[in-house]
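Reader: I'm new to this one and would like to talk through its charged residues. Can you take my questions one by one?

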Amino acid sequence: MKDRIFMSSPDVGQLEEDAVVAAMRSGWIAPLGPDVDAFERELAARVGVGHAVALSSGTAALHLGLLTLGVGPGDVVLTSTMTFAATANAIVYTGAEPFFIDALPRTGNMSPALLRQALTLLREAGQSIACVLPVDLLGKAVDYTGILAIAGEFGVPVLADAAESLGATHMGRAAGSFGQASIVSFNGNKIMTTSGGGMLLTDDETFAHHVRYLATQARQPVLHYEHTDIGYNYRMSNLLAALGRAQLSRLDEMIERRRALRDEYKDLFAEVEGVEVFGADDDRYDNAWLTSIVVDEAKAGWAPRQLAEKLALANIESRPLWKPMHLQPVFAGARGLITGASERLFKTALTLPSGSALTSDQHERVVRTISGFLGVN
Ligand SMILES: Cc1ncc(COP(=O)(O)O)c(C=O)c1O
């Protein structure tokens with residue numbers, strides 16, 4: 001059996017290895033240390049925000065972002081139904097209720113029109129609307145112009161889930177710089193990784209300070225251990241921050257590689273009836289984290305599941321888009337405004353190997369397998 005080809009495996013090499021070894025030799029093994037401070041400064045500068053707090057995961061960043069906004073039991077948080085469970089889980093951690101908003105069919109991102117409708121309905125019903133939490137799906141920034149204007153009209157803060165979109169832009173501004181705060185993830189499958197980790201980004205110094213406080217067990221600034229709030233152990237370790245700094249220095253190069261892979265998929269499917277590369281009509285500003293195709297089964301004569309089976313036989317990983325949150329058993333009964341757009345994407349899209357660590361040989365193998373499949377269909 002040939003080596004397995006993953007959708008998005010970590011892209012690390014000598015530079016990263018040297019950085020981690022140097023951090024270890026420096027003696028800063030514990031959470032916190034000079035690499036954490038430098039990583040925060042460097043990422044804040046890259047995204048163009050005033051403050052960054054390095055944390056143990058993107059999920060931790062979401063959790064603390066919501067807590068810092070004061071979200072809690074009795075509150076409603078409006079979020080994208082088309083996302084990874086971490087977004088909705090973090091809302092539940094606070095005791096608030098997630099309210100799911102359906103997507104724009106072309107991008108899978110939160111529909112501003114539906115957001116307005118939901119805010120209007122919930123406001124009329126006298127609900128406590130604590131936050132809007134949009135998600136930049138697969139590395140394409142949400143229509144922040146629309147979302148921020150609407151949330152602003154209703155006086156509701158925005159926490160942006162940019163876990164997948166580091167390096168993307170909206171109207172010339174970096175993903176991760178929108179709303180009261182944004183979060184990014186450095187999970188192993190993301191555009192850059194610290195193996196596990198995340199960061200909260202904000203222009204608001206008080207916000208960043210509170211997140212840092214909660215992330216370090218909410219310790220009061222006194223010598224003995226004094227606590228007036230429940231805290232968390234959510235800080236990033238110095239070793240992982242060293243890895244993150246090395247990855248950040250290669251971010252543009254890694255994005256370029258993912259874009260090149262997407263371009264090759266565009267060429268491959270250009271003449272294929274009933275298949276479109278997802279979001280490709282407007283992909284100049286996204287980071288091309290993952291490339292998916294959307295298949296119109298009636299026109300193509302085959303279903304995405306069939307291509308996935310063929311790829312699996314060749315030991316190549318592929319996967320449907322996120323199963324929308326309103327379809328998840330754990331969120332059965334959750335409220336939302338659902339049009340069917342996310343569900344259609346879930347049924348018709350397939351995500352293909354997209355990682356920057358993919359070698360030319362591996363990508364050729366993917367292309368050959370897909371071409372073989374298309375040839376017999
Ligand atoms: C949209 C989205 N939000 C949040 C997360 C959570 O990030 P982490 O895995 O770093 O906790 C992820 C990815 O894992 C994600 O894709």
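Reader: Which helix is Asp361 found in?
Author: Bear in mind that this is a predicted model. Going by its helices, Asp361 is found in α13.

Reader: And is Asp361 buried or exposed?
Author: Exposed means over 50% relative accessible area. Asp361 has 58% relative accessibility, so the word for Asp361 is exposed.

Reader: Which elements give two or more residues to the negative patch?
Author: That surface patch is formed by Glu264, Asp267, Asp361 and Glu364. The elements giving two or more residues to the patch are α9 (251-269) and α13 (360-375).

Reader: Now the salt bridges: how far apart in sequence are the parts that Asp286 and Lys140 tie together?
Author: Asp286 and Lys140 form a salt bridge, with the closest N and O atoms 3.0 Å apart. Asp286 sits in the loop between β10 (275-277) and β11 (291-295), while Lys140 is in the loop between β4 (128-133) and α6 (144-153), so the parts they tie together are apart in sequence by 146 residues.

Reader: Which helix holds Arg262, the residue that pairs with Asp286?
Author: Asp286 also forms a salt bridge with Arg262, and here the closest N and O atoms are 3.1 Å apart. Both Asp286 and Arg262 are buried. The pair links distant parts of the chain, 24 residues apart: Asp286 is in the loop between β10 and β11, and Arg262 is in helix α9.

Reader: Is Arg250 buried or exposed?
Author: Arg250 forms a salt bridge with Glu253, and Glu253 counts as partly exposed at 46% relative accessibility. Arg250 has 12% relative accessibility, so Arg250 counts as buried.

Note on methods
Residues are numbered from 1 along each chain as its sequence is written. This is a predicted model: local features need pLDDT of at least 70, side-chain atom pairs count only at pLDDT 80 or more; totals for chains, interfaces and linings use all residues. Side-chain values use heavy atoms; hydrogens and water are left out. Patches are made of residues with over 30% relative accessible area and no salt bridge: like charges are joined within 9 Å, nonpolar side chains (Val, Leu, Ile, Met, Phe, Trp, Tyr) within 5 Å. Accessible areas come from the Shrake-Rupley method with a 1.4 Å probe; for residues, only the protein chains shown count as cover. A salt bridge is a side-chain nitrogen of Lys or Arg within 4 Å of a carboxyl oxygen of Asp or Glu. Lys and Arg count as positive and Asp and Glu as negative; His and the chain ends are not counted. The place of a charge is taken as NZ of Lys, CZ of Arg, CG of Asp or CD of Glu. Helices (H or I, at least four residues) and strands (E, at least two) are DSSP runs, numbered from the N terminus. Buried means under 20% relative accessible area, exposed over 50%, partly exposed in between (1.4 Å probe, protein chains only).
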